[in-house]
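Okay, everyone, thanks for coming. Let me put the structure up, and then I'll talk you through a few places in it.

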Amino acid sequence: MDHNILVLKFGGTSVKDISAMRKAAELSLSHDFDQVLVVSSAVSGVTNKLLSIAEQLKNGKYSIEQEVQEIFDLHLAMGRELQYADEGLKQLSGLLDDLKKHIEKVIDSKTMSPAQYAKFPAFGELLSTTLLTHVIREKEKSAEWFDVRTVMKTDNQFLKAQPNFELIEKKTSEVLLPLLKEKGIIITQGFLGSTVKNKTTLLGRGGSDYSASILGAALMAAQIEIWTDVDGLMTTDPRIEPQARTISDITYEEASELAYFGAKVLHPFTLLPSRMKGIPVLIRNTKNSSHPGTRIHVRVEDDQYKGAKAIAFKKNITTINIVSSRMLMAYGFLHKVFKIFADHKTAVDLVATSEVSISMTIDDNSNIEAICNDLREIGKVSITQGQAIISIVGTGIRNLSGTAAKVFSAIRDININMISQGSNQTNLSFIINSENVDKAVQRLHKDLIELNPEFNKQDSVLCV
Ligand code: ADP
Ligand code: ASP
Ligand code: MG
């Protein structure tokens, strides 16, 4: 590594109040690296409140006072708890005034552009990082707040912006790296970006993980740590299955599949930038900081684990089915279909084809009408909403025969609407109705993971 830099990301619950922030500060100051970049989410629950305000205003509803007041009260109460409260409160009041002015402007103009919409949730991270900087300054005076929009350059899809990696790398080495070297510790916002014209953009819900990885890659950091509310990446969501256990070591390939197919602990694109630069990513629990968590890296040494490592799921999936006799023996048909999705900037997750039909799943319905209109030009289209993808993930699936048989036997009474196995054989995914997800995940976890003799081995890749 060029630089001995650590990037730490704290999620909403890790900065939910001043005592959580003091814990985050302690973690940010106790490490063996030369410099540390701290990336933070908004205080838990604040993004949802800000989005609700934006949504109401967009729909011409102006009874938002209570929610606005709650945001003011929450941050100002936290500000008053700071050791040196005056400066912190002054900055918080400045930001809250800006929020008020933004609301007034939107109400006056009676319309809201996507750019104006994106500015609402952005206040969450601006406020939380202001507080966190002051908390860290209680212990380390050189800690400095940094506006990530200076370097996190994106396109102008305001709510789900795509980072411009080249420009981000350039700006990071020109502005952020020298500042980091000078100060030793910088605190900045996850989730936010900005267009070339400096308009605020967002990286999509849960985007702070992605921010940490993008910045870590641009800085050529030695390590990226994602601090959250569970003991790492687990065999499934512990909220659904309490028997879920932490996976101590996992490859980028497996972790990326899990993130992409719904493991909420990581934003789906988090591992892209870190993987390109080979930077290890750790997932740790702020509330249980002595637990080693999960280490994601290029290759797990001696990974002989046989069978599935984890189960992910994603709800609110739509399946689109196209039947066309023109597909029969025709080349270029799939190209036409996927071009339509690309033109509408919508990603397809799973695909299954037969001689005359093609089924696909998407998790973003924003452009579904336009997509279906275009698809109708080439075939008969039907859509089904309220579906879920379940993905069984692990490179060890290919080392163990009978995984598919176990899967289908565990859920034999649940209707499977579509099946897809990745060609790398590290992912077996299928579609069921959303209401069956919990039941299916629990049974699959038991049969494929808990009952796997390797799960309980001392030297297995899993640890409690
Ligand atoms: P943060 O606010 O720290 O970003 P998130 O709520 O976005 O935290 O992500 C953490 C949550 O992800 C956990 O509380 C857990 O319920 C959920 N989760 C889903 N799948 C997994 C998994 N495979 N391993 C760990 N956590 C998971
Ligand atoms: N605060 C943003 C959200 O709630 C980003 C994040 O937490 O990662 O989506
Ligand atoms: Mg998150």
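Predicted model: local features only at pLDDT ≥ 70, side-chain atom pairs only at ≥ 80, totals over all residues.

I'll go through a ligand site, a pocket and a loop glycine.

Let's start with ligand 2. What surrounds ligand 2? The shell is made of Ser41, Ala42, Thr47, Glu125, Phe191, Arg205, Gly206, Gly207 and Ser208. Sorted by class, that gives five polar, two nonpolar and two charged residues around ligand 2.

Now the polar contacts. Arginine 205 puts a polar side-chain atom 2.7 Å from an oxygen atom of ligand 2. On threonine 47, a side-chain N or O atom sits 2.8 Å from a nitrogen atom of ligand 2. And glycine 207 comes in with its backbone, where an N or O atom is 3.4 Å from an oxygen atom of ligand 2. As for cover, ligand 2 on its own has 260 Å² of accessible area, and the protein covers 86% of that.

Next, the second largest pocket, at about 270 Å³. Its lining is Leu51, Glu55, Tyr117, Leu159, Lys160, Phe191, Leu202, Gly204 and Arg205.

Last stop, glycine 60. Where is glycine 60? Look in the loop between helix 2 (46–58) and helix 3 (65–80). From glycine 60 to asparagine 436 is 376 residues in sequence, and 37 Å in space, C-alpha to C-alpha.

Conventions: Residues numbered from 1 in each chain as written. Chains lettered and ligands numbered in written order. Heavy atoms only, no water. 1 Å grid on protein atoms, 1.4 Å probe; cavity = no way out; pocket = protein on both sides within 12 Å on 5 of 7 lines; lining within 4 Å. Points joined across faces, edges and corners; volume = space filled by probe spheres on them. Near = heavy atom within 4 Å. Polar contact = N/O pair within 3.5 Å; in protein donor to acceptor, adjacent residues only side chain to side chain. Areas by Shrake-Rupley, 256 points an atom, 1.4 Å probe, with all protein chains shown as cover. Nonpolar A, V, L, I, M, F, W, Y, C, P; charged D, E, K, R; others polar. Helix = DSSP H or I, 4+ residues; strand = E, 2+ residues; numbered from the N terminus.
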